[in-house]
2 protein chains.
Amino acid sequence: MTISIAHLAPPGTYAEQAAMIYRNCLTQVTDEQALLCPHSTIPQTLRAVSEGETSLAVVPVENSIEGSVSVTFDTLWQLDNLRIQLALVMPITHTLISCASNLETIQTVYSHPQALAQCQKWLENFLPQAQQIPTNSTTEALKLLRDDITAAVISSQRAAQLNYLPILTTGINDYPGNCTRFWVVSQNHQPNAYKALRNSPSHTSIAFTVPANVPGALVKPLQVFAHLGINLSKIESRPTKRSLGEYLFFIDLEADAASPLMNSALTELANYTEVMKLFGSYDVMPITNISI
Amino acid sequence: MTISIAHLAPPGTYAEQAAMIYRNCLTQVTDEQALLCPHSTIPQTLRAVSEGETSLAVVPVENSIEGSVSVTFDTLWQLDNLRIQLALVMPITHTLISCASNLETIQTVYSHPQALAQCQKWLENFLPQAQQIPTNSTTEALKLLRDDITAAVISSQRAAQLNYLPILTTGINDYPGNCTRFWVVSQNHQPNAYKALRNSPSHTSIAFTVPANVPGALVKPLQVFAHLGINLSKIESRPTKRSLGEYLFFIDLEADAASPLMNSALTELANYTEVMKLFGSYDVMPITNISI
């Protein structure tokens with residue numbers, strides 16, 4: 001059996017790391033049978049699965065510092081046939097990569113806006129002179145480093161190693177315990193074929209709209225879960241893109257949709273929501289060893 | 001009297017437009033008495049007011065398509081002495097600026113990630129060949145256009161005019177009715193000196209944390225408002241930056257904090273929240289004519 005896993009390009013990104021770690025967890029396939037397929041944006045990564053081009057996608061959902069990756073939620077809502085199989089929680093250690101011999105030489109720092117934001121205080125303290133330039137991924141600007149010793153990139157240690165580039169310093173995140181949650185996503189009719197070693201589902205993700213301009217319209221759906229003692233681990237509002245002030249709500253619940261309790265909750269929920277989508281129940285796997 | 005208004009640099013950004021429109025609404029000062037003070041990031045813009053360097057700041061809060069501007073919420077929570085004076089809702093019309101003679105010539109499109117996202121379908125249809133490059137603001141890359149006829153920038157019509165650059169096409173937003181909400185912010189001890197022509201406050205913004213891992217912990221605060229018939233116009237969760245799964249909640253309510261009803265709601269709310277911050281009550285002003 002061969003399977004393919006879509007992830008955010010280019011090699012060396014945290015999303016690729018997450019995809020490789022997930023591949024290592026697969027019990028029924030060898031590394032050679034599991035192909036990694038880089039895509040240049042998150043919507044393209046998810047569309048690859050939705051259109052059957054790849055078996056799975058690994059996409060970032062949320063960082064403990066910067067919050068939700070909005071485009072992942074928006075694309076999941078738009079594409080009607082996806083299902084979350086597993087959540088991976090990966091620790092993030094940002095690394096300063098540069099051919100400069102010391103920090104004083106550095107005039108520009110390139111990285112993804114989220115990575116720059118996660119090292120903001122460190123940058124203000126140690127590189128106050130450097131201009132910060134956003135890029136599409138943490139690795140995109142690595143190619144500039146060899147020709148410019150005044151430039152630096154914030155990325156992963158793995159990205160430095162892959163590109164044979166020197167690490168100036170590592171662990172430059174402003175907050176310890178910085179980690180990112182990823183979802184492994186398949187088509188929803190998919191049999192559970194690509195099973196990683198895992199426990200039974202502990203979380204369920206849903207999204208819904210509620211009637212507009214009704215006081216308490218959001219309270220009613222939340223009450224359903226509170227009354228049944230189901231913990232809500234995350235709530236996220238996203239614009240419906242129709243008019244300012246109209247939202248979709250994405251909710252993560254600490255329960256399996258197949259349980260009788262959740263079953264009654266979801267049935268009752270239908271009374272208070274306009275459109276409701278279930279993105280699946282899944283286990284959350286913390287990653288403790290990121291050497292791959 | 002002279003007042004100063006901090007906003008996101010450089011000239012030509014939508015934030016500067018909003019700041020200029022606000023200046024026109026001020027009844028007690030002339031244009032010459034109201035100085036616009038550009039700052040290079042949103043945290044710097046808000047810190048300028050917090051530290052007394054400027055009287056006011058105008059910052060983007062939310063776009064009808066792309067959702068919340070997270071950094072505005074995070075900075076407001078961190079800086080303890082700010083108060084929202086007014087909300088402005090401004091229609092956004094994205095414009096393609098380039099020295100190219102036709103669309104086929106264009107190989108790269110520069111803009112702020114939110115503006116690129118708001119024109120994604122248009123770009124896929126009309127510029128499928130062009131690479132999209134994120135920048136710190138919608139105007140940052142305008143300086144490249146004169147030397148490179150294969151480049152284009154998505155920004156405002158005003159930015160094109162300010163820089164004497166040609167407009168290739170305008171209204172390239174994927175969704176009609178695209179608009180952005182801004183907040184005008186002052187220090188919280190500020191007397192209401194910089195009064196624009198406006199109605200009495202219709203909205204109140206608050207933020208709070210709730211006890212972690214308690215089922216229904218978020219429902220109780222929301223129930224307080226639902227029981228009193230106070231409509232919640234927005235809810236936004238942001239990470240506390242301590243550990244994944246711990247959130248702050250930012251809530252907009254359709255009521256004045258000075259009203260007796262809101263007064264009892266806020267008193268009751270204290271029973272169910274850990275830390276609670278009130279960012280002020282204010283009127284929402286729709287901008288219909290953006291010529292300035």
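This is a predicted model: local features need pLDDT of at least 70, side-chain atom pairs count only at pLDDT 80 or more; totals for chains, interfaces and linings use all residues.

Residues are numbered from 1 along each chain as its sequence is written, and chains are lettered from A, with ligands numbered from 1, in the order in which they are written.

In chain B, the axes of helix H7, residues 219-227, and helix H8, residues 260-269, come within 10 Å and cross at roughly 160 degrees, the axes being lines fitted to C-alpha atoms over the stretch in contact, with angles from 0 to 180 degrees between N-to-C directions. H7(B) and H8(B) are therefore roughly antiparallel to each other. Where they touch (C-beta atoms, placed from the backbone, within 7 Å), B:Pro221, B:Val224 and B:Phe225 of H7(B) meet B:Ala265, B:Glu268 and B:Leu269 of H8(B).

Turning to the sheet, chain B has an open one of 5 strands, in the order S8-S7-S9-S6-S10 and with mixed pairing; strands here are DSSP runs of E of at least two residues, and helices runs of H or I of at least four, numbered from the N terminus, and two strands pair if DSSP finds at least two bridges between them. Strand S8 (131-134) and strand S10 (167-170) of chain B are the edge strands, each pairing on one side only. Strand S6 of chain B, residues 95-98, pairs with S10(B) in the antiparallel sense over 3 bridges, and B:Leu96 stands opposite B:Thr169 in S10(B).

Terms used. Angles under 35 degrees count as roughly parallel, over 145 as roughly antiparallel, 65 to 115 as roughly perpendicular and the rest as oblique. Two residues are in contact if their C-beta atoms, placed from the backbone, lie within 7 Å.
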